[in-house]
Amino acid sequence: MRKFFAQHRTITVMLSLLVALGLMAGSVGIRNNQATPTAVQQIGNTVASWFGGIVNYPMNSANGSVSSLGQLLNAYTENKALKRDVSTLQQTKLTNKTLAHENQQLRAQLKLTRSLTDYTTLNASVISRNPSAWQQQLIVSKGQVDGVRKNMAVLAGSGLIGRVAEVNPTTSKIELISSASESTNQFAVAVNNDQNQLVNGLITDYDLRTGTLVMSEVTSADAVKAGSKVTTNGLGGVTPKGLYVGKVVKTSKGSDGKIGRIYVKPATNLNDINYVTIAKLREE
Amino acid sequence: MFKWLKITKRKVLFVIGLYVTFYFDGALSANMARGLFGERVIMVSHLALLWLVMAQVWGRNAHLPVLTGSVIVGLGTDIYYSGIVGLAVFGLPLLVWLNQLLLSRVKLVGLWQAGYLLASVAVYELYLYGIESLLGLIHVGIVTFMIRIFLPTLILNLVISFC
């Protein structure tokens with residue numbers, strides 16, 4: 001046993017551990033404070049994504065084929081439901097067009113050239129996913145050359161799924177809102193309470209046990225109904241306003257009897273994402 | 001001469017296997033996310049780690065570049081998958097090095113070999129949990145980790161290793 005843990009071995013391991021901890025802390029610091037990772041990481045990511053195509057492409061294609069087959073089998077039921085929605089769609093489109101035109105006119109009168117709801121979108125496909133229990137990250141096929149920037153909000157399916165955490169020349173890493181990582185940026189959100197007033201708060205955590213997002217730092221003590229829709233409120237100027245986050249499942253009270261936390265079920269199934277939409281606030 | 005050719009062929013197979021398992025981990029996580037990252041349990045595949053340990057357990061006489069492979073896979077995992085350099089580039093080579101020391105003293109037979117694979121995955125998962133908690137990157141309790149992540153991950157990797 002003594003020979004196993006020889007002094008020089010122990011010292012080597014301890015020194016290596018210190019160097020590794022330093023590298024990790026440095027990486028996290030660079031990631032949080034800089035717009036792009038180091039040149040070495042960018043080159044590494046680009047090269048790795050090229051070599052990964054040989055394995056990822058057949059797997060993704062096979063998965064796509066299986067999904068398509070499943071959708072084909074559900075086509076009849078889905079078609080019936082869609083036909084019902086189509087009849088109301090035309091009216092909704094017309095109403096939206098009228099409202100958008102009116103909004104444009106009002107903004108012109110107020111000389112508002114930019115609003116929190118103005119954003120452009122960029123679609124990307126999911127290449128790979130981080131095989132980690134803690135960092136729920138997707139690697140997508142668009143990067144810096146396509147206009148992706150760090151901290152852009154990312155949508156998939158019905159709503160918000162996360163934020164761009166790292167941008168490389170041709171790929172990006174999206175950190176999902178279900179990530180247990182403390183370094184995940186928080187989203188400023190809002191929901192209507194029982195008095196139909198807007199309650200602002202922050203998504204600060206993801207509860208692994210219930211599979212819900214935790215909204216805290218709420219600005220109002222009044223009750224919020226289960227089923228209320230939670231959207232981004234645009235505060236901070238990074239995330240566009242009005243992106244659907246999820247529905248309220250339950251609320252919990254703090255020690256003072258007022259609402260402490262609101263639990264939100266995400267709008268999208270975070271484990272069934274093949275394509276994402278990156279939302280960028282429109283600049284003046 | 002034929003023995004040399006056989007060892008070279010094993011080295012080439014080892015490198016190809018390492019390349020495939022490295023990317024397969026990510027592809028599997030992306031395409032089977034519904035099953036692996038469920039609401040109640042999270043199962044993480046460690047195909048590349050299993051390949052490295054298998055090479056050490058069953059390919060001892062082939063002089064395979066396992067330590068070099070672990071450094072490259074660790075660096076690739078940190079840069080390509082997580083973006084935090086240092087976690088796998090230290091963890092994987094350390095695990096491989098510890099295995100080399102242990103396996104030089106102990107001879108494993110039968111089911112003990114499968115058990116050893118599982119033990120390697122267990123040690124690596126505990127290492128990841130410990131280091132990320134130490135750095136303040138996560139704040140999940142040990143009980144939640146054990147029930148929802150650690151045990152399901154071991155079960156998944158046990159099934160993979162038998163396959």
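Start with the second largest pocket, which holds about 440 Å³ of space. Select B:Phe22, B:Tyr23, B:Ile72, B:Val73 and B:Gly76, the closest to its centre of the 18 residues that line it. A pocket here is an open set of points, on a 1 Å grid over the protein atoms alone, with protein on both sides within 12 Å along at least five of seven lines; lining residues have an atom within 4 Å of a point. Grid points are joined across faces, edges and corners, and a volume is the space filled by probe spheres set on the points.

The model is predicted: local features need pLDDT of at least 70, side-chain atom pairs count only at pLDDT 80 or more, and totals for chains, interfaces and linings use all residues. Residues are numbered from 1 along each chain as its sequence is written, chains are lettered from A and ligands numbered from 1 in the order in which they are written, and side-chain values use heavy atoms, with hydrogens and water left out.

Helix 2 of chain A, together with helix 1 and helix 4 (66-82) of chain B, gives two or more residues to the lining of the second largest pocket. Helix 4 of chain B gives the most, seven residues. Helices (H or I, at least four residues) and strands (E, at least two) are DSSP runs, numbered from the N terminus. The lining divides into 15 nonpolar, three polar and no charged residues. Ala, Val, Leu, Ile, Met, Phe, Trp, Tyr, Cys and Pro count as nonpolar, Asp, Glu, Lys and Arg as charged, and the others, Gly among them, as polar.

Next, select A:Asn63, A:Ser67, A:Asp272, A:Ile273 and A:Asn274. These are the closest to the centre of the largest pocket among its 25 lining residues, and the volume of that pocket is about 670 Å³. At least two lining residues each come from helix 2 (39-73) and strand 1 (119-129) of chain A and from helix 1 (2-31) and helix 2 (33-36) of chain B. Helix 2 of chain A has the largest share, six residues. Ten nonpolar, twelve polar and three charged residues make up the lining of the largest pocket.

The structure holds two cavities of 30 Å³ or more, a cavity being a set of points where a 1.4 Å probe fits but cannot get out. For the largest cavity, with about 320 Å³ of space, select A:Pro131, B:His46, B:Thr77, B:Tyr124 and B:Leu128, the closest to its centre of 25 lining residues. Helix 4 of chain B gives the most to this lining, five residues. The lining of the largest cavity has 14 nonpolar, seven polar and four charged residues.

The second largest cavity has a volume of about 70 Å³. Select A:Ile30, A:Arg31, A:Thr36, A:Pro37 and A:Glu166, which lie nearest its centre among 13 lining residues. Helix 1 (7-33) and strand 4 (159-167) of chain A give two or more residues to this lining.

Finish with a helix pair. Helix 3 (residues 47-58) and helix 5 (residues 87-103) of chain B pack at an angle of about 20°, their axes 10 Å apart. Helix 3 of chain B is therefore roughly parallel to helix 5 of chain B (angles under 35 degrees count as such). Axes are lines fitted to C-alpha atoms, for helices over the stretch in contact, and angles run from 0 to 180 degrees between N-to-C directions. In contact (heavy atoms within 4.5 Å), B:Leu49, B:Leu52, B:Val53, B:Gln56 and B:Val57 of helix 3 meet B:Leu92, B:Leu95, B:Val96, B:Asn99, B:Gln100 and B:Leu103 of helix 5.

Conventions:
Parallel < 35°, antiparallel > 145°, perpendicular 65-115°, else oblique.
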